[in-house]
Amino acid sequence: MRILQVIICLNFCFFFTLTGNAQPEEYVKEAFERNIDFVYKENIHGVQLIRNGDPFDYPIVGDGDRLELLFDDLDNDVKDYSYTLIHCNADWTPSNLNQLEYINGFAYADILDYEYSFNTEIQYTNYRVVLPNDDMEWTKSGNYLLKVFVNNNEEDIVLTRRFMVVEPRMNVNAELVRPFAIERFKSHHEIDFVVNHRGITVRSPKTEINVAILQNGRWDNAITGLEPLFIRGDDLIFDYQNQIVFQAGREFRFFDARSTRFRSDRIREIEEADGMYHLSVSTDKVRSGVLDQQFADINGAFCIGNFHEDEPDLESDYVRVYFELPYDQPDPFGEIYIFGKLTDWQLKEEFKMQYNENYRAYIGSAFLKQGYYNYQYVYLQDGAEVVDFELIEGNWWETDDDYHILVYYRPFGERYDRLVGISYLNSNPIRNSRRLGVLRLENK
């Protein structure tokens, strides 16, 4: 009964959102191409780009690595989907390379691997493609945008996904340190690193080297445009104070939606209505200022899965998941969003929380494929461009976060940015949650 009441409220809030908040016309147009992870069609859901079969890994590939793209078409029919690769500069603008220069094989290929779902309330067609393959493989390092389109019309875009190809030519030694600023000492992570380019001539490090630092695979808060602070022989030293600094955040909240038969972790209610299942997540709490909780997360990722079936990609159903965050009164200065890889690390309208006076809480819902999910609540103040974790989640130095340092190299006269160095580090290796997360996600 509680879920049905929330359904009515959210439908009203969704109508109010559509009629009361206008977005720029060029952004809401389906054909407006973006160089980010984005889904352009309402019938497309459950998009995953998986490296070497590990749903928690990041789309950074080298020799011998494979990427698998999966997505569902809820029209439950067969369409002519095709794909291509767009090589990009370090800032994700398209490079000056011709496709023949970075693709071995065909510039475009069809997605021929598809299967219909079964044993599900919501019917769909599951599509997949593995890269590289006999039709297409990349030949250059750097940033890539995988673009899927329909009906042999490259302008009719279905989805885009980012990935990176690395040729390890430079060594990167990095360490995580306490921020120098007292106000950030217990709440932020700072990274110092050294890039060694022995064997590669770098005449002008400030113009030929480009660095990006990612937290948990996110590009929305990536730190870019850094120049080496010192140059010592073949070493480029990036040892700034209070510049390569990230909000530490908190361990991600989670819910386990792999069953519609019993209430698994943090699912407090399950109902079937309107031809689908509705799952209500345990009521959340504001965590800012609360002592840090020690538990394993998967750093914002998710994994499609089903406790009761053998084919999770085809037998996992789509469900409506409901969230509730008690709050004394609505915040007049900003909005609260559900956030994580389930939102492509973006602030999406369908994941915006709405305040309910009767519940004295922010409530929201998401249409998701069954699986195990991480998420957080982020706050966006009116007029701000960067999300804030402090208001709802808080920031704790002890938080387990993954960091990647990507080093791009474009010597004078070259026409593209090569990705020649990469370093991975975890802010709390003792509690590195990635392997713990794999263990707890084993289907029962």
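1. Two strands count as paired if DSSP finds at least two bridges between them. In this predicted model, β21 and strand β22 (residues 276-281) meet that condition, pairing in the antiparallel sense over six bridges. Within this pairing, Ile270 stands opposite Leu279 in β22.

2. A pair of aromatic rings is described by the distance of the centres and the angle of the planes. Searching the whole structure gives 27 aromatic pairs. One of them joins Tyr355 and Tyr362 in an edge-to-face arrangement, at 5.1 Å centre to centre and with 75° between the planes. Both Tyr355 and Tyr362 are buried.

3. Tyr375 and Tyr377 also form an edge-to-face pair, with 5.7 Å between centres and 85° between the planes. Tyr375 counts as buried because its relative accessibility is 0%, and Tyr377 counts as buried because its relative accessibility is likewise 0%. Ring pairs link Tyr375 and Tyr377 with Phe255, Phe302, Phe323 and Tyr373 into a cluster.

4. Charged groups placed over rings complete the note. Arg34 lies over the face of Phe38, 3.8 Å from the ring centre. Over the ring of Phe185 sits the charged end of Arg178, at 4.6 Å from the centre of that ring.

Conventions:
Residues numbered from 1 in each chain as written. Predicted model: local features only at pLDDT ≥ 70, side-chain atom pairs only at ≥ 80, totals over all residues. Heavy atoms only, no water. Phe/Tyr/Trp six-rings, centres within 6.5 Å; stacked < 30°, edge-to-face > 60°. Buried < 20%, exposed > 50% of the residue type's maximum accessible area, 1.4 Å probe, protein only. Lys NZ or Arg CZ within 6 Å of the ring centre and 35° of its normal. Helix = DSSP H or I, 4+ residues; strand = E, 2+ residues; numbered from the N terminus.
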